[in-house]
Amino acid sequence: MNGGDAAGRLVRPFTLTGGRTRPSRSDFTLITTVTAVDPQPVGGARPQPEHNRILRLCAKPIVVAELATGLDLPVSVVAIMLCDLLEAGRITVRQPRLISRTPDLDLLKKVRDGLGRL
C-alpha cells in the first residue's frame with residue numbers, strides 16, 4: 001500500500017459525511033434494522049451516490065452492521081449517512097426488541113434437568 005492509498009481511505013469517509021464525525025441522532029446501533037421506504041419520497045435533496053447504494057442494499061430489511069460490511073465503510077460513517085436518509089424520509093428504522101430481563105424459570109429448570117442427565 002502506498003501513501004496515497006492510506007490518504008484516500010481517510011479522505012473518502014470524510015467527504016461522504018460532509019466532514020461530520022458524529023451522527024445527528026442516536027437511532028443506529030449495530031443491530032438496528034433499516035429498510036428503504038417504497039416508493040421513495042418525491043422532492044427534497046437528491047441523494048448522493050453512496051446514499052443510493054445504501055437505499056439499494058436496504059430494499060429489504062438489513063441491520064446496520066451488515067450494511068456497513070456491504071458498503072465496506074466504518075459503522076460510524078454509515079450511521080451518519082443513515083441519519084441523512086432518515087431525516088429525508090427515505091428509510092424506516094426498527095430498533096431491536098428488548099429481551100426480558102426476568103429469567104424464564106421453566107427454561108432454567110429444563111436446562112438444569114438436561115445437565116443433570118449428562
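Which residues does Val 34 touch, not counting residues up to four places away in sequence? I began my notebook with that one, and here is what I found.

**Entry 1: Val 34**

I looked up the neighbours, taking contact to mean heavy atoms within 4.5 Å. Val 34 touches Phe 28, Cys 58, Lys 60, Pro 61, Ile 62, Val 64, Leu 82, Ile 91 and Thr 92. Val 34 is found in strand β1. I noted that Val 34 is buried, its relative accessible area being 0%; buried means under 20%, exposed over 50% and partly exposed in between, with a 1.4 Å probe and protein chains only. I also looked at Ala 59, which lies 25 residues from Val 34 along the chain, and the two C-alpha atoms are separated by 9.0 Å.

**Entry 2: what I am looking at**

This is a predicted model, in which local features need pLDDT of at least 70 and side-chain atom pairs count only at pLDDT 80 or more, while totals for chains, interfaces and linings use all residues. Residues are numbered from 1 along each chain as its sequence is written, and side-chain values use heavy atoms, with hydrogens and water left out.

I checked the confidence next: pLDDT is the predictor's confidence in each residue, from 0 to 100. The protein chain averages 81, and 76% of the residues score at least 70. Over residues 1-11 the pLDDT stays under 50, and there the model has two contacts beyond four places in sequence.

**Entry 3: the whole chain**

I found five helices and three strands in the protein chain. Helices (H or I, at least four residues) and strands (E, at least two) are DSSP runs, numbered from the N terminus. Along the sequence, the pattern reads α-β-α-β-α-α-β-α. Of the 118 residues, 28% are buried. Among contacts between residues at least 6 apart in sequence, 76% join residues at least 24 apart.

**Entry 4: the sheet**

In what order do the three strands of the open sheet come? I read β2-β1-β3, with antiparallel pairing. Two strands pair if DSSP finds at least two bridges between them. The edge strands are β2 (62-63) and β3 (91-94), each pairing on one side only. Strand β1 (residues 33-36) pairs with β2 over two bridges, in the antiparallel sense. Opposite Val 63 in β2 I found Thr 33.

**Entry 5: α3 against α4**

The axes of α3 (residues 64-71) and α4 (residues 75-87) come within 9 Å and cross at roughly 105°. That makes α3 roughly perpendicular to α4. Axes are lines fitted to C-alpha atoms, for helices over the stretch in contact, with angles from 0 to 180 degrees between N-to-C directions. Angles under 35 degrees count as roughly parallel, over 145 as roughly antiparallel, 65 to 115 as roughly perpendicular and the rest as oblique.

I listed Val 64, Leu 67, Ala 68 and Leu 71 in α3 as meeting Val 75, Val 78 and Leu 82 in α4. By class, this contact of α3 with α4 has seven nonpolar, no polar and no charged residues. Ala, Val, Leu, Ile, Met, Phe, Trp, Tyr, Cys and Pro count as nonpolar, Asp, Glu, Lys and Arg as charged, and the others, Gly among them, as polar.

**Entry 6: α2 against α4, and His 51**

Here α2 and α4 pack at an angle of about 80°, with their axes 10 Å apart. I noted the residues in the contact: Glu 50, His 51, Ile 54 and Leu 55 of α2 with Met 81, Leu 82, Asp 84 and Leu 85 of α4. They divide into five nonpolar, one polar and two charged.

Is His 51 buried or exposed? His 51, in helix α2 (residues 49-57), is buried, with a relative accessible area of 9%.
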